[in-house]
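I opened my notebook to get to know a new structure.

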Amino acid sequence: MTHEFSHRSLNLLDQEAIDEVRMRVALQQAQLAAGQGEVPVGAALYKGGALIAQAHNAPISLCDPSAHAEVLVLKAAAQVLGNYRLEDCTLYVTLEPCAMCAGAIFNARVREVIYAASDAKSGVAGSVTNLFANPQLNPHAQIRGGVLKAQSVSLLQDFFKAQRHLQRQDTHALKAFLREDAIRKPIENMPGFHALSCNSSYLVLNALPGMRLHYLHARSKSDVALKSYVCLHGVNTCSNVFDPIAPSLCEGGANVFAPDMIGYGGSDRFKKSQAYDFALAMRSLIEWMDAKDLQEIGLITHDASIVWALVLKAMQPHRIVSVLALNPCLKDKRALAPQGLYARLGDWLKKGLRIQHLQPHFADLSHALFETQLTALSNPFEQAFERHVFGAFDELFPSLEEALASVGLEMTDLLAHLSPQFLAQSVLMNSKPCSLVASESLGFDSVDVLLSRFPQSEALQDRDFLSAACFEQLGQFLSAPVRTLSA
């Protein structure tokens, strides 16, 4: 009896030693992940005494939310063995598996899972729940925890401590970097930011040293993008108004980018209205397009940003291959008359700098707007310092002729680049009758001639021009003929 007990104890000790040796392989992978800025989780898969595959977390580097260490090691092992079923294998991982990884483990028929540290937030081997003990889930894998737990916990703690330190350094550096005549708005304060489907990034500008341009971006679901769309927001909105179009365009094979003009959305803004300049704004946008290496772009505009699109076409003719203008709105002679839209708007903006609550002020401008639209328009500018962007309206949204002149061009420079191919791929789309679109007489002969050359459409049925439904329709309209706007 004593001999039998001693033999059993020796086998247990041998197994503990084997588990530790194999878990150290997984820990080495976790250290590689930490060195790449990934959460330090590593995995190793053994069959019998042989190491079949090893991997570490890589969601950031692979841009893949499923790229956890367990999933990657199972994929690699399946390739080595030529079979997705890993029935006689043991998986070693430095952190308790999550629900996604548990599902992959079940599908792979892994015989045994051994992990190091528990995960109180998402572990499903007993910490949050225990999927491995659920009799309704089949097949089951045997599971054990605690092997080299201290080493794994230490690695995770050191990693997150270092990340917090870097974040504090970045925050301090960004605050120090911001120029004295500018203001930085936390991106988290943008309306709807937490529900965005797009990714959010910044470009530190050379055109405006000490300031950043914010943009949203989403990549094609296919290996090779068929087209790149750049979405330019309109008056009193920002990049996130285009977020509803991204999923359908990406599914259709396109890349989507939506920058915030300086002063809007998540981009830095000036403290004084007088600091804004249209030509500088155009240089900032072109610098951003250069940094993203965007070529053969289809521009999508909303209301008055059609001016930006047409000026970009004149400045970068070979880069801009099409323009879709949603509710295009241009400043013209009639609009500048005492009762014209832009004249009213100018007086209204000046008053907006002095009042406390903007939503009733927006209602005074247009009784046709819904309450949701009024909230969406007024909310980004409720803070007093942001209302100085109102005062910059004439600079950021000038007439087309004024805009071209500010960058040293004339209308003839733009007309020269409106080839039949470009016009065939472009369209003006109207979803609200009050837009100043090409179907109306604008008062400038050159603008009349220009816009009359663009195809026009009233394809959008939703009259609530700021609603997500309206922009979802726009995405569906574009995603089917993703190579051309006029199909």
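Below are my entries, in the order I looked things up.

**Entry: the model.** I am working with a predicted model, so I keep that in mind on every page, as local features are read only at pLDDT of at least 70.

**Entry: the five-stranded sheet.** I started with an open sheet of five strands, which run in the order β2-β1-β3-β4-β5 with mixed pairing. On average, neighbouring strands here are turned by 15° against each other, direction ignored. Next I looked up a helix on this sheet: α3 (residues 69-81) packs there and touches β1 (42-47), β2 and β3. The direction of α3 makes about 140° with that of β2.

How many bridges join β3 and β4? I found five, between β3 (residues 89-95) and β4 (residues 112-117), in the parallel sense. For Y92, the bridge partner in β4 is I114.

**Entry: the eight-stranded sheet.** I also came upon an open sheet of eight strands, ordered β7-β8-β10-β9-β12-β13-β14-β15, again with mixed pairing. Its edge strands are β7 (199-204) and β15 (456-457), and each pairs on one side only. Inside it, β12 (residues 297-302) and β13 (residues 320-326) are parallel partners over six bridges. I noted that G298 stands opposite S322 in β13. Helix α19 (residues 468-479) packs on this sheet, where it touches β9 (227-232), β12, β13 and β14 (427-429). I read off about 145° between the direction of α19 and that of β13.

**Entry: nonpolar cores.** In soluble globular proteins, nonpolar side chains tend to be buried together, so I went looking for such groups. The largest nonpolar core has 58 residues. The residues with the most contacts inside it are W288, L299, L312, L400, L414, L450 and F454. I followed one of them: leaving aside neighbours within four places in sequence, L450 is in contact with L310, L400, M411, L414, L415 and L418. A second, separate core holds 31 residues, among them A108, V110, Y115 and A117.

**Entry: two helices.** I turned to α7 (residues 278-291) and α8 (residues 306-315), which pack at an angle of about 70° with their axes 11 Å apart. An angle from 65 to 115 degrees counts as roughly perpendicular, so α7 is roughly perpendicular to α8. Their crossing is right-handed. On the α7 side, F278, M282, L285, I286 and M289 make the contact; on the α8 side, V307, W308, V311, L312 and M315 do.

Entry: I found S399 in the loop between α14 (393-396) and α15 (400-406). Is S399 buried or exposed? At a relative accessible area of 5%, S399 is buried, since buried means under 20%. Beyond its neighbours within four places in sequence, S399 is in contact with V307 and K331.

Most residues other than glycine have a negative phi. I noted two residues with a positive value. C63, in the loop between α2 (59-62) and α3, has a phi near 50°. C63 counts as exposed at 69% relative accessibility. L148, in the loop between β5 and α5 (149-177), has a phi of about 55°. L148 counts as buried, with 8% relative accessibility.

Terms used: Residues numbered from 1 in each chain as written. Predicted model: local features only at pLDDT ≥ 70, side-chain atom pairs only at ≥ 80, totals over all residues. Heavy atoms only, no water. Pairing = 2+ DSSP bridges. Helix = DSSP H or I, 4+ residues; strand = E, 2+ residues; numbered from the N terminus. Axes fitted to C-alpha atoms, helices over the stretch in contact; angles between N-to-C directions. Contact = heavy atoms within 4.5 Å. Core = buried A, V, L, I, M, F, W, Y, C linked by side-chain atoms within 4.5 Å. Buried < 20%, exposed > 50% of the residue type's maximum accessible area, 1.4 Å probe, protein only. Parallel < 35°, antiparallel > 145°, perpendicular 65-115°, else oblique. Left-handed = near helix turned anticlockwise from the far one by under 90°.
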